[in-house]
Amino acid sequence: IVNGASSHVLLSVGALKQPTVRISEMSTPRISLGRKQSFKIEIDNTSPNYISAAGTLSLYNLFGQKVGEVKLTPGILLSNSQRYMTDSKGKQTQSVVWNEKLTFGVYTAKAVIQINNMRSISKETTFISIPLMFLLAVTVILFIVLSVLYRVIKKIHFKTP
């Protein structure tokens with residue numbers, strides 16, 4: 001038995017052309033009720049050469065302030081293929097996960113992908129985050145207020161002759 005070592009070699013035939021890469025999908029649920037927001041970011045390589053891609057997902061609040069950033073796992077994308085970008089936590093689900101303790105309001109997520117360390121492409125999406133406990137508290141308070149108003153209106157109708 002012969003022992004040996006090997007490594008993967010990626011070959012491109014022909015002249016190196018400017019890569020034609022785009023973000024074909026960037027999606028997330030429009031309304032989030034939890035602390036975890038997951039994103040699907042798919043890039044599409046239509047050039048005849050392979051590319052290396054790395055990047056970040058930056059999150060901004062309603063006022064344009066940066067409130068979070070997730071590093072995307074670098075990877076290689078072969079010619080004429082697609083790939084989902086992931087972070088270190090989303091490798092099994094092919095998603096990028098932003099885990100924040102308390103989020104409330106309108107947020108904008110912007111994905112910036114660097115292609116071959118030469119140029120970058122970007123895409124953004126907007127979502128609303130409402131904590132589930134806040135939504136539950138507002139519902140309970142609204143129910144109490146409406147029931148008190150109902151009782152008051154019912155008593156007023158009985159007292160008028």
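**Aromatic pairs, a sheet and a core**

Mentor: The structure holds 5 aromatic pairs. This is a predicted model, in which local features need pLDDT of at least 70, side-chain atom pairs count only at pLDDT 80 or more, and totals for chains, interfaces and linings use all residues. Residues are numbered from 1 along each chain as its sequence is written, and side-chain values use heavy atoms, with hydrogens and water left out.

Trainee: Why is the pair of Phe39 and Phe127 called edge-to-face?

Mentor: Rings of Phe, Tyr and Trp (its six-membered ring) pair if their centres lie within 6.5 Å; planes under 30 degrees apart count as stacked, over 60 as edge-to-face and the rest as tilted. Phe39 and Phe127 are 5.7 Å apart, centre to centre, with 70° between the planes. The pair is therefore edge-to-face.

Trainee: What makes this pair a tie between parts of the chain?

Mentor: Phe39 belongs to strand β3 (residues 36-45) and Phe127 to strand β9 (residues 119-129), so the pair ties together parts that are 88 residues apart in sequence. Helices (H or I, at least four residues) and strands (E, at least two) are DSSP runs, numbered from the N terminus.

Trainee: Why is the pair of Phe104 and Phe134 edge-to-face?

Mentor: Their ring centres lie 4.9 Å apart and their planes are at 65°, so this pair is edge-to-face. Phe104 is in the loop between β7 (96-99) and β8 (105-115), while Phe134 is in helix α1 (residues 132-159), 30 residues apart.

Trainee: Why is Phe134 called partly exposed?

Mentor: Buried means under 20% relative accessible area, exposed over 50%, and partly exposed in between (1.4 Å probe, protein chains only). Phe134 has a relative accessible area of 41%, and is therefore partly exposed. Both Phe39 and Phe127, by contrast, are buried.

Trainee: How do you know that β2 and β5 stand at the edges of their sheet?

Mentor: The open sheet of 5 strands has the order β2-β9-β8-β4-β5, with mixed pairing. β2 (31-32) and β5 (66-77) each have a single partner strand, so one side of each is left without a neighbour in the sheet. Two strands pair if DSSP finds at least two bridges between them. Strand β4 (residues 51-60) and β8 run antiparallel and are joined by 8 bridges, and Leu57 stands opposite Ala111 in β8.

Trainee: Which residues touch the most other members of the largest nonpolar core?

Mentor: They are Phe39, Ile41, Leu57 and Ile113, in a core of 23 residues. Such a core is a set of buried Ala, Val, Leu, Ile, Met, Phe, Trp, Tyr and Cys residues joined through side-chain atoms within 4.5 Å. β8 gives the most to this core, with 5 residues.
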